[in-house]
Amino acid sequence: MKKLVEHLSSMQFTTGILVVLMFWFAWGILLAESDALRDGFRIMNSFLAPAWFSGPASLSSLLKFWFVGLCLVMAVLGINLIFCSWTKILKLMRSRQAASRLVMLIIHMVFGIVALGHFGSFVLGYRYENTKLQEGQSITLPQGYAVTVNKIHFEGDVKQLHQRPRDARPGAFNPEASFCEVALTRDENPVSQGRAYFLRPFTWKDIQVTLKRFTPPKGIKGVDGKARKPGVMLIISRNPVKMVVFILFPVMIAGIGIYMLMTWRTRPNDK
């Protein structure tokens, strides 16, 4: 039993898992470049994990195998993390100079929480990709929430919206001045409101509204003769573990830096 624990907590075992993980990600990159599987990766980016295995967004068998394999490799890495942390706790209790080992133990624990947080983002909350709304329209969310687009402000040439994004002329619109105002309600009671810009989403707690793009207006003019406004394409998501990951990830990076400073040894000059 002791030899098994030593093997599961050894650096050689960790290195082997990381090598397998690296090749697994490299295989995933090759799969993503395949025309036959590219839509499957778009589905993985647009829906949460439960929808990948059932319903209209179900993935192909190969992508399911890749994702399950990735989860298994990460589970083995988690086992290695547990045994490695337990070994460090035992050494910490026996050592007088335990400061550096304590920092490394904290790094291990934070890494485990961050990894669990990333996995939780695949299965917890919800995500509505490519939601097209016009000014005044709403979308109903779980738990009685709803998002309403109160105002759309597009500063640029509306004709460019009829082209594909890759074919749009540079400078056709001003992304810094273009936005949509959204209101969040729950059971028809106001909760919050604000603006969503490109790369600056509207957030309230763990609910996020991201402005993905503007959509061309339906028709040139309305009944009143006024020019119609363009619509918006939004990504509306709720990730209950997002803040935990965002807070702990820089803590982990800072801990690695502190550990390097504590364990750095300058090489004596050769005489």
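**Contacts.** I started with the contact separations in the protein chain: of the contacts with a separation of 6 or more, 58% are between residues 24 or more positions apart. I'm keeping in mind that this is a predicted model.

**Overall tally.** Next I looked up the secondary structure, and the protein chain has 7 helices and 8 strands. The chain has 271 residues, and 34% of them count as buried. For the accessible surface I noted about 17800 Å², with 63% of that belonging to carbon and sulfur atoms.

**Strand β4.** Then I went to β4, which covers residues 179-186. Is this strand enclosed or open? I found 6 of its 8 residues buried, so the rest of the structure largely encloses it. The cut-off behind that call is under 20% relative accessible area.

On one pairing, β3 (residues 145-153) is joined to β4 by 8 bridges, and the two run antiparallel. Within that pair I picked out Val-147, which stands opposite Leu-184 of β4. β4 also pairs with β5 (residues 189-196), through 7 bridges, and this pairing is antiparallel as well. Here I noted Glu-181 standing opposite Arg-195 of β5.

**The turn.** How many residues sit between the strands in the hairpin of β4 and β5? I count 2 residues there, and Asp-187 has a positive phi near 55 degrees.

**Cysteines.** I went looking for disulfides and came away with a count of 0. The rule needs a pair of cysteine sulfur atoms within 2.5 Å. Cys-71 has a relative accessible area of 26%, so I put it down as partly exposed. Cys-84 comes in at 13% relative accessibility, and therefore goes down as buried. The line between the two calls is the 20% cut-off.

**Nonpolar patch.** Last, I looked for nonpolar side chains on the surface. Which residues form a nonpolar patch there? I got Phe-119, Phe-122, Val-123 and Leu-124, with about 320 Å² of accessible area together. I followed up on Val-123, which lies in helix α6 (residues 99-123). Val-123 has a relative accessible area of 35%, so it is partly exposed.

Conventions. Residues are numbered from 1 along each chain as its sequence is written. This is a predicted model: local features need pLDDT of at least 70, side-chain atom pairs count only at pLDDT 80 or more; totals for chains, interfaces and linings use all residues. Side-chain values use heavy atoms; hydrogens and water are left out. Buried means under 20% relative accessible area, exposed over 50%, partly exposed in between (1.4 Å probe, protein chains only). Helices (H or I, at least four residues) and strands (E, at least two) are DSSP runs, numbered from the N terminus. Two strands pair if DSSP finds at least two bridges between them. Contact means heavy atoms within 4.5 Å. Accessible areas come from the Shrake-Rupley method with a 1.4 Å probe; for residues, only the protein chains shown count as cover. Patches are made of residues with over 30% relative accessible area and no salt bridge: like charges are joined within 9 Å, nonpolar side chains (Val, Leu, Ile, Met, Phe, Trp, Tyr) within 5 Å. A salt bridge is a side-chain nitrogen of Lys or Arg within 4 Å of a carboxyl oxygen of Asp or Glu.
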